[in-house]
Amino acid sequence: MNTQKPTLSYKDAGVDIDAGESLIEKIKPLAKSTRRPGAGAELGGFGGAFDLKAAGYDDPILISGTDGVGTKLRIAIESGKVDTVGIDLVAMCVNDVLAQGAAPLFFLDYYATGKLDVDTAASVISGIAEGCRQSDCALIGGETAEMPGMYEGDDFDLAGFVVGAAERGKLLPLENDMVEGDVLIGLTSSGPHSNGYSLIRKIVEISGLAWDAPAPFNKDKTVAEALLAPTRIYVKTIVPLIKGGGIKGLAHITGGGITDNVPRMLPDHLAPEIDFSTWPRPAVFDWLQATGNVSEDEMRRAFNCGIGMVLCVEPENAANIMDTLQQSGEAAYIIGSLCAGK
């Protein structure tokens with residue numbers, strides 16, 4: 001009688017080490033494409049290095065940020081369109097450190113799934129690399145975790161981590177410089193960006209539309225394609241303005257919308273006075289509001305309503321900054337000003 005127990009491997013338990021190695025080889029060229037001064041962007045070591053001196057900083061302060069994509073991933077997974085959520089991941093992180101006055105330097109990602117599909121993971125990471133290129137940020141490392149029993153079917157999750165830098169004394173907001181009458185400039189969004197998607201998915205469910213149905217608010221795209229428009233990255237537009245000293249404060253419009261995020265850059269004695277009629281609201285927001293019977297107050301807190309970043313500037317500089325923004329291809333609008341009060 002043979003009582004010898006069968007041998008077990010990591011692969012028998014659901015983790016394929018060879019697939020992980022294959023993915024690393026596949027994404028090495030993607031990381032290399034994000035090289036910038038200070039980073040070689042090579043993958044495979046136990047950590048990523050960055051040389052601040054080579055990046056041109058004299059006395060830098062480091063600013064870090066971390067974020068995910070939220071339930072927008074659910075639409076990507078269910079529709080099979082996963083190539084742009086990596087851009088969202090980078091955008092949510094780099095736009096946050098940008099709001100502190102920091103230029104993004106390097107990025108790391110965390111990709112977790114129940115069973116690793118190399119092609120899917122590579123497609124996601126190609127989006128991350130694209131986001132890094134858009135923000136002049138080096139992809140210097142990351143982690144791919146294959147965890148059977150933690151995720152069902154094709155599900156996966158993403159998290160990102162960015163480090164940026166600013167010279168000492170140049171961090172934003174410049175609260176002590178802000179005064180009543182300062183102008184607020186809004187830069188347009190590409191849509192909902194990566195916020196409010198639990199409500200968006202509920203509204204789509206109520207509408208009865210499938211992800212591959214033509215979008216009522218964008219006839220050239222399916223519902224999924226339109227709602228997966230990647231979050232805009234404002235780094236290359238804004239960093240030169242920060243270095244030029246023309247900006248007092250920045251607000252990245254994420255969860256909480258314009259009403260909750262703009263006050264985050266202001267001192268306690270000043271408040272934003274915003275005219276929501278000063279920019280064209282994208283059709284997707286009108287459709288979401290009408291289909292879900294969402295109140296205007298809720299729209300302004302759940303969604304960006306068409307504005308992804310808000311700048312605070314001196315009235316005397318507003319026209320020049322508007323010209324600079326428009327010359328760089330930004331659709332920018334003067335949306336309000338600062339007034340006394342909370």
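Quick term before we start: a polar contact here is a pair of N or O atoms within 3.5 Å, where within protein one must be able to donate a hydrogen and the other to accept it, and residues adjacent in sequence count only if both atoms are side-chain atoms. This is a predicted model, so local features need pLDDT of at least 70, side-chain atom pairs count only at pLDDT 80 or more, and totals for chains, interfaces and linings use all residues. Residues are numbered from 1 along each chain as its sequence is written, and side-chain values use heavy atoms, with hydrogens and water left out.

So, Ser 189. Its side chain reaches the backbone oxygen of Gly 191 at 3.1 Å, and a polar contact of 2.9 Å joins it to the side chain of Asn 304. Buried or exposed, this Ser 189? Buried, at 10% relative accessibility; the cut-offs are under 20% relative accessible area for buried, over 50% for exposed, partly exposed in between, with a 1.4 Å probe and protein chains only.

As a rule, most residues other than glycine have a negative phi, and most peptide bonds are trans. Here, the Leu 172 to Pro 173 bond is cis, with omega near 0°.

Then Asp 136: not a glycine, yet its phi is positive, about 50°. Asp 136 is partly exposed, at 41% relative accessible area. Asn 293, also not a glycine, has a positive phi of about 50° too, and Asn 293 is exposed, at 69%.
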